[in-house]
Amino acid sequence: MKASELEDFVNEAIANGWPDNTVARTDVDFPKFYGGNYRRDQWRCLDVWSGATTDAGMIVVFLKENPVWVCTYRGGILGSSQHRHETDVAANELYRFLVQALRTPNTEHLRLRGPEEVKSADGRWRYSFSLRGEILSFVAFEHIYEDGELAYERIFIGGRVGDGVQYGLSSLAWE
């Protein structure tokens, strides 16, 4: 498997799964989690998460039903934000802006989330996404600022998994 094939499938699966994969799971392995499966040929992507204002989840990519790539994430609305008690995602103004940012066209190689930066028309909201590394090994941060104050944060870590895969996160240390 080439890194470019993996990256193409991850980008395709994310584009076809988020932000519209909000069907609650009913299986015994992930009760009260949300997410979905995306399949193409011998590839499959499973995305599961739980929580509203603070959540955590995992994306797993399988090739021929063998796990080959994983991304874990956790984040949410910071305690200082006025939006921290709004658990209805559709009614939460911050999450509406997040969905807008995630639906903004993104030309980055690995399109885990939105582009590097998105601003609301009125200047009140700013979304940022920074990624260190590449498809094989990475860490990333997503932030939303409201009127210049940090209101939301999400952290991602991921990369290739499996026997014989070299781990390389130490080379990604933030300086």
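Colleague: How many bridges join β1 to β2, and which way do the two strands run?
Modeller: In this predicted model, β1 and β2 run antiparallel and are joined by 7 bridges.

Colleague: What happens in the hairpin of β1 and β2?
Modeller: That hairpin has 2 residues between the strands, and Asp41 takes a positive phi near 50 degrees there.

Colleague: Is β2 mostly covered or mostly open?
Modeller: Strand β2, which spans residues 43-51, is mostly covered, with 7 of its 9 residues buried.

Colleague: And what does Arg44 do with its charged end?
Modeller: The charged end of Arg44 sits over the ring of Phe62, at 4.2 Å from the centre of that ring. Phe62 itself stands opposite Pro67, a residue of β4.

Colleague: How many bridges join β3 to β4?
Modeller: There are 10 bridges between β3, residues 54-63, and β4, residues 66-77, and these strands run antiparallel. Val60 has Val70 in β4 as its bridge partner. The two strands form a hairpin with 2 residues between them, and Lys64 in the turn has a positive phi of about 55 degrees.

Colleague: Which strand does β4 pair with over 9 bridges?
Modeller: That is β8, and the pairing is again in the antiparallel sense. If you want a place to look, Ile77 stands opposite Tyr152 in β8.

Colleague: So what is the order of the strands in the whole sheet?
Modeller: The sheet is open and has 8 strands, in the order β1-β2-β3-β4-β8-β7-β6-β5, with antiparallel pairing. Its edge strands are β1, residues 34-40, and β5, residues 117-119, each of which pairs on one side only. From one strand to the next, the twist averages 10 degrees.

Colleague: Changing topic to the helices: how long is α1?
Modeller: Helix α1 covers residues 3-17, which makes 15 residues, and reaches 21 Å from its first C-alpha to its last, close to the 21 Å expected at 1.5 Å a residue.

Colleague: Which residues of α1 are buried, and which strands do they pack against?
Modeller: The buried residues of α1 are Leu6, Glu7, Phe9, Val10, Asn11, Ala13, Ile14 and Gly17, and the buried residues of this helix pack against β1, β2, β3, β4 and β8. One of them, Phe9, also belongs to a cluster in which ring pairs link Phe9, Tyr38 and Trp43.

Colleague: Where does the other helix, α2, lie?
Modeller: Helix α2, residues 93-102, lies across β4, β5, β6, β7 and β8, and runs at about 50 degrees to β6.

Colleague: Back to rings for a moment: how many aromatic pairs are there in the whole structure?
Modeller: A search of the whole structure finds 8 aromatic pairs. Among them is the pair of Phe97 and Trp125, which is stacked, with 5.8 Å centre to centre and 20 degrees between the planes. This pair links distant parts of the chain, since Phe97 is in helix α2 and Trp125 is in strand β6, 28 residues apart.

Colleague: Are Phe97 and Trp125 buried or exposed, and why?
Modeller: Phe97 counts as buried because its relative accessibility is 3%, and Trp125 counts as buried because its relative accessibility is 5%. The cut-off behind both calls is that buried means under 20%.

Colleague: What is Glu116 in contact with?
Modeller: Leaving aside neighbours within four places in sequence, Glu116 is in contact with Glu108, Tyr127, Ser128 and Phe129. As for Asn106, which is 10 residues from Glu116 along the chain, the C-alpha atoms of the two are separated by 8.4 Å.

Notes:
Residues are numbered from 1 along each chain as its sequence is written. This is a predicted model: local features need pLDDT of at least 70, side-chain atom pairs count only at pLDDT 80 or more; totals for chains, interfaces and linings use all residues. Side-chain values use heavy atoms; hydrogens and water are left out. Two strands pair if DSSP finds at least two bridges between them. Helices (H or I, at least four residues) and strands (E, at least two) are DSSP runs, numbered from the N terminus. Axes are lines fitted to C-alpha atoms, for helices over the stretch in contact, and angles run from 0 to 180 degrees between N-to-C directions. Contact means heavy atoms within 4.5 Å. Rings of Phe, Tyr and Trp (its six-membered ring) pair if their centres lie within 6.5 Å; planes under 30 degrees apart count as stacked, over 60 as edge-to-face and the rest as tilted. Buried means under 20% relative accessible area, exposed over 50%, partly exposed in between (1.4 Å probe, protein chains only). A charge sits over a ring if NZ of Lys or CZ of Arg is within 6 Å of the ring centre and within 35 degrees of the ring normal. The expected span of a helix is 1.5 Å times one less than its number of residues.
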